[in-house]
Amino acid sequence: MSTPVLLVMDFQTSIVDRLGSPEVLAAATRAVDAARTNGVPVVFVRVAFRAGFPEIAASNKSFGAIRQRGDAAGFDERSTAIHAAFAVRPDEVVVTKRRVSAFAGSDLDVVLRAAGATELVLAGIATSGVVLSTLRQAADLDYGITVLADACADADPEVHRVLTEKVYPRQADVTTVDAWVANLRG
């Protein structure tokens, strides 16, 4: 029997404000509500760094400029907090990652293994960032994967479409929140 865990990735205030949409936020909160109702553990993932950014190498193209500028904007406690729409519960895990993948620089795999997880259900911003990187690493770690396409967003809608329709199905089941919820109940 598979043991699923819902990963809600990078739905932190600054990222939702920049790349999210009301529809994607609503879909992700529906997924969280359904998971809670049906006993599926929810793990929230956020990206954050320590003061001075000691985790960021100057050679890192994604994050290196932040360290060079000493740019803490977007990485303070308010900005990196999980969006208030989710009302994170005290018994829910919030994982802090230091790179694009939810696994990189975090204890996510340890948390998942301790929970007996064999199946991951992914929701996240951005489709071409955290979702893609996490999906690839999760597949390499032999997790079963489902992507909730309507609970993912990307700055480029065409990239989102290509990934969810052509790339992800090679390693994951791709569905909607409503279809996933119906399957939980059914």
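The following dialogue explains how to read the main features of this predicted model.

Reader: How many helices and strands does the protein chain have?

Author: Helices (H or I, at least four residues) and strands (E, at least two) are DSSP runs, numbered from the N terminus. In the protein chain there are eight helices and six strands. Along the sequence they follow the pattern β-α-α-β-α-α-β-α-β-α-β-α-β-α.

Reader: In what order do the strands form the sheet?

Author: Strands of a sheet pair through backbone hydrogen bonds, either parallel or antiparallel. Two strands are said to pair if DSSP finds at least two bridges between them. Here six strands make an open sheet in the order E3-E2-E1-E4-E5-E6, and the pairing is parallel. Strand E3 (93-97) and strand E6 (173-175) are the edge strands, each pairing on one side only. From one strand to the next, the twist averages 25°; angles run from 0 to 180 degrees between N-to-C directions, and axes are lines fitted to C-alpha atoms, for helices over the stretch in contact.

Reader: Which strands are joined to E2, and by how many bridges?

Author: Strand E2 (residues 42-47) is joined to E3 by five bridges, and the two run parallel.

Reader: Are the residues of E2 buried or exposed?

Author: A residue is buried under 20% relative accessible area, exposed over 50%, and partly exposed in between (1.4 Å probe, protein chains only). In a regular strand the side chains alternate between the two faces of the sheet. Six of the six residues of E2 are buried, so this strand is largely enclosed by the rest of the structure. Val42, Phe44 and Arg46 are buried on one side, and Val43, Val45 and Val47 on the other, so that both faces are covered. For the protein chain of 186 residues, 48% count as buried.

Reader: What does Gln12 touch?

Author: Contact means heavy atoms within 4.5 Å. Gln12 lies in the loop between E1 and helix H1 (13-19), and counts as buried because its relative accessibility is 1%. Not counting residues up to four places away in sequence, Gln12 touches Arg46, Val47, Ser79, Thr80, Ala81, Ile82 and His83. Among contacts in the protein chain between residues at least 6 apart in sequence, 78% join residues at least 24 apart.

Reader: Where is Thr146, and is Thr146 buried or exposed?

Author: Thr146 is in strand E5 (residues 144-153). Thr146 counts as buried because its relative accessibility is 12%. Leaving aside residues up to four places away in sequence, Thr146 touches Leu120, Val121, Leu122, Asp173 and Thr175.

Reader: Where does Thr118 lie?

Author: Thr118 lies in the loop between helix H5 (108-114) and E4. At 35% relative accessibility, Thr118 counts as partly exposed. Thr118 and Val5 are 113 residues apart along the chain, and their C-alpha atoms are separated by 8.1 Å.

Reader: At what angle do helices H6 and H7 pack?

Author: Angles under 35 degrees count as roughly parallel, over 145 as roughly antiparallel, 65 to 115 as roughly perpendicular and the rest as oblique. Helix H6 (residues 127-140) and helix H7 (residues 157-167) pack at about 20°, with their axes 10 Å apart. That angle makes H6 roughly parallel to H7. Thr127, Ser128, Leu132 and Arg136 of H6 make the contact with Val159, His160, Leu163, Thr164 and Val167 of H7.

Conventions. Residues numbered from 1 in each chain as written. Predicted model: local features only at pLDDT ≥ 70, side-chain atom pairs only at ≥ 80, totals over all residues. Heavy atoms only, no water.
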